[in-house]
Amino acid sequence: MKISVHTKISDLVDVHSALSKIGLITTVETNVTYENALNDAQNAEIIFTNPNNLGFFYSREFIDQCQSLRYFVTASTGLDHVDITALRDRNVQLICLRHDADFMSKVTATAEHALCLTFAGLRKLPAAFENIKQKSWSWENCVGRQLSNLTVGVLGYGRLGKIYSNAMRQLSNELLVHDPFIDQALIPQNERASFLQIANCDVISIHVHLADDTKNLIDPSLLSRCKSDVLIVNTSRGGIVDETAMADFLSENPEAIYATDVLADELSCISENILLSSPHQSQVIITPHIGGMTKESRALAYGRAVQLLQGKMQQS
């Protein structure tokens, strides 16, 4: 059985060893393009992947050309990198971490990164470091905000939203949470808020899956209600934020900051992204989808994906 791997696993010894016991591993670890991945996967029974730094979308055309494919394994909770309907139509089993709640409670890296981006935005760390790189020991352009005086709004109260909220309960002046898709009893009564109440917070952190009803959730209507110096943090998916509207909002509100680990289109040249164009470039903090990319979280997530694959194969 051939396993076509489209993500780096050479540094994950246990994961590589476990996969090698299932079948013959071939890897595309660098320059993971559509063409390279397809060439490797065409006669594979298993695709093993992760969306981070993936240079393409697993389209119906891609999947249809993998005639031997039986299992599509992605070590992620997000699934916006693959055509799920195409997998179903081809009777390919999808293995992911989205519904593995008990296990994923151990994987805290993305929530931790949301906290990092929050502090980086509030304390203007990029500007401070830029001063040092310019040999300037200056603080005037780095005057930040004190979290204990601020109201933090959390959109989404799933696994990551809860972890982020737990930290903010200790650090912020007030915490407000909005998630219409869960039992409201799970949110402390004094923290339940409407979508519009979240818009009026000093910090807004996004922790929702990308779906039809969350695409462009942060749109011109919501942004028009936000404070002029709001910090918006996104470690979910880029498509949840209307980036054109965000760019306009930042241009009109020079004290506002958008700190994000994700972009709406991570497959295109980053230099073409509207968020990196002047005059609002200094108001944007972008990291290259590294929320889940820690040594510990990669080992946990990739290892669990292999375990789930083993379980499915034993059932077959």
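Set-up. I number residues from 1 along each chain as its sequence is written, and my side-chain values use heavy atoms, with hydrogens and water left out. Since the model is predicted, local features need pLDDT of at least 70 and side-chain atom pairs count only at pLDDT 80 or more, while totals for chains, interfaces and linings use all residues.

Entry on Ser172. I looked up Ser172 and found it in the loop between helix H8 (159-171) and strand E7 (174-178). Helices (H or I, at least four residues) and strands (E, at least two) are DSSP runs, numbered from the N terminus. Ser172 counts as buried because its relative accessibility is 11%; buried means under 20% relative accessible area, exposed over 50%, partly exposed in between (1.4 Å probe, protein chains only). I then listed the distances from its side chain. A polar atom of the Ser172 side chain lies 2.7 Å from the backbone oxygen of Met168. A polar atom of that side chain also lies 3.3 Å from the backbone oxygen of Glu174. Not counting residues up to four places away in sequence, Ser172 touches Leu147, Ser148, Leu150 and Val152, where contact means heavy atoms within 4.5 Å.

Entry on Ile240. I placed Ile240 in the loop between strand E9 (231-234) and helix H11 (243-252). Ile240 counts as buried because its relative accessibility is 0%. Leaving aside neighbours within four places in sequence, I noted contacts of Ile240 with residues including Ile206, Val208, His209 and Leu210. The list for Ile240 also includes Thr214, Lys215, Asn216, Leu217 and Ile218. I also checked Leu125, which is 115 residues from Ile240 in sequence and 25 Å away in space, C-alpha to C-alpha.

Entry on cysteines. How many disulfides does the structure hold? I found 0 disulfides, taking a disulfide as a pair of cysteine sulfur atoms within 2.5 Å. Cys142 is in no disulfide either; the nearest cysteine sulfur, that of Cys116, is 18 Å away. Cys66 is buried, at a relative accessible area of 0%, and Cys142 is buried at 13%.

Entry on the surface. I found Phe129 in helix H7 (residues 125-133). Phe129 forms a nonpolar patch on the surface with Ile132 and Trp137, and their accessible area together is about 430 Å². Patches are made of residues with over 30% relative accessible area and no salt bridge, with like charges joined within 9 Å and nonpolar side chains (Val, Leu, Ile, Met, Phe, Trp, Tyr) within 5 Å. Accessible areas come from the Shrake-Rupley method with a 1.4 Å probe, and for residues only the protein chains shown count as cover. A salt bridge is a side-chain nitrogen of Lys or Arg within 4 Å of a carboxyl oxygen of Asp or Glu.

Notes:
A polar contact is a pair of N or O atoms within 3.5 Å; within protein, one must be able to donate a hydrogen and the other to accept it, and residues adjacent in sequence count only if both atoms are side-chain atoms.
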